[in-house]
Amino acid sequence: MEAVGVENGPEVIPVRPDEDLDRERLASYLVSRLAGAEGPMEVSQFAGGHANLTYQLRFGSTEYVLRRPPLGPVAPTSHDMGREYRVLSTLWSAFPLAPRAYLHCDDLSVIGTEFFIMERRHGVVVRDQVPAVFGGGADPVANRQLSEVVIDTLADFHAVDPAEAGLGDLGHPEGFLERQVGGWIERFRRASTTPIPVADELASWLPARIPDSPAPTLVHNDWRLDNMAVHPDDPARCVAVYDWDMTTRGDPMADLGTLLAVWYRADEIPSALNPMPTTVPGFMDRDAAAHRYAKGSGRDLADLPWYVVFGSFKMAVILQQIHLRWLHGQTRDARFATMGDAADQLFRLAADRRPT
């Protein structure tokens, strides 16, 4: 099964020159530590994603995935390979859609940064366009299934008992939202290159209106359709969920708010980071998606508008951070050149989404 990458292009591409690895040193390190890592190692790069760098390693018929942080300085507590490894080394036993992690390396002499190795899953990753295998956006039934699977899988994930997943001591649920809001405002300040008055306004509005959290659950912290893979023969069947480096225990509504922040209405202009084709025929609108989550999870959504504003603010900050790396020459990926303007646009959208 071949996954679909950016704009329905190939899933894996030749490694970008400025993001290559020391292949000889890496192969030497893995050969005695990873089952099946004998023989020549072929390396390619996953085309999608905007932050952590992800590579396919192939040893004959054996495949693995290597994950490492992006190039250059990163925000504290983000891109945490050790955390992602810890989560994926046990979560798979209680939530089989999480790929299993096998090895973590914090020896910087191997590839220059820490990394981990995880299981390779095959499926279709759907981003801003519905791929041809699901009708290219013209099949309302498939579109509806894609919108349902991202909601239903989130509700299933939030139902996982952290202790049964070996993660009963992960993070600190008390004060979760306060720390999240403060942390993202701090990231906004550090990534700012020009004044953004509407973002400053949001940085005052959000902490003044933090709602009371429901009972804590495991929280993914970046739940979106493009962080999932679905079966190529069945868009209603999720086969993997990715990007677990910010996973913790906390307020599950934060995950829903992050997801609905990029669930654009037809009258909203999607940002450069548009991980879901939310306006194709049949795809649930944001209100229907929220209702489906409420029904599947049993949670009260009275405070959902605040979480959507916060999710929108977070996504804008992520775009801002990505653009800053491009400005500093830490990546030459051309996709990042316009993300400063996209961040400004998303800050304005976040402000517009505030309840009246």
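Me: Where do I start with helix H6 and helix H7? How do their axes cross?
Reply: This is a predicted model. H6 covers residues 252-261 and H7 covers residues 286-297. Their axes come within 11 Å and cross at roughly 155°.

Me: What does that angle make H6 relative to H7?
Reply: Roughly antiparallel, because the angle is over 145 degrees.

Me: Is the crossing left-handed or right-handed?
Reply: H6 passes H7 in a right-handed crossing.

Me: Which residues make the contact?
Reply: From H6, they are Pro252, Leu256 and Leu260. H7 brings Arg286, Ala289, Ala290 and Tyr293.

Me: How many of those are nonpolar, polar or charged?
Reply: In the contact of H6 with H7, 6 are nonpolar, 1 is charged and none are polar.

Me: New topic. What about H4 and H5, how do their axes cross?
Reply: H4 is residues 176-191, and H5 is residues 197-208. The axes come within 10 Å, crossing at roughly 165°.

Me: So what is H4 relative to H5?
Reply: H4 is roughly antiparallel to H5.

Me: Left-handed or right-handed?
Reply: H4 passes H5 in a left-handed crossing.

Me: What's the split by class?
Reply: The contact of H4 with H5 has 7 nonpolar residues and 2 charged ones, with no polar residues.

Me: Why did we keep giving an angle and a distance?
Reply: Because two packed helices are described by the angle between their axes and the distance between the axes.

Conventions. Residues numbered from 1 in each chain as written. Predicted model: local features only at pLDDT ≥ 70, side-chain atom pairs only at ≥ 80, totals over all residues. Heavy atoms only, no water. Axes fitted to C-alpha atoms, helices over the stretch in contact; angles between N-to-C directions. Helix = DSSP H or I, 4+ residues; strand = E, 2+ residues; numbered from the N terminus. Parallel < 35°, antiparallel > 145°, perpendicular 65-115°, else oblique. Left-handed = near helix turned anticlockwise from the far one by under 90°. Contact = heavy atoms within 4.5 Å. Nonpolar A, V, L, I, M, F, W, Y, C, P; charged D, E, K, R; others polar.
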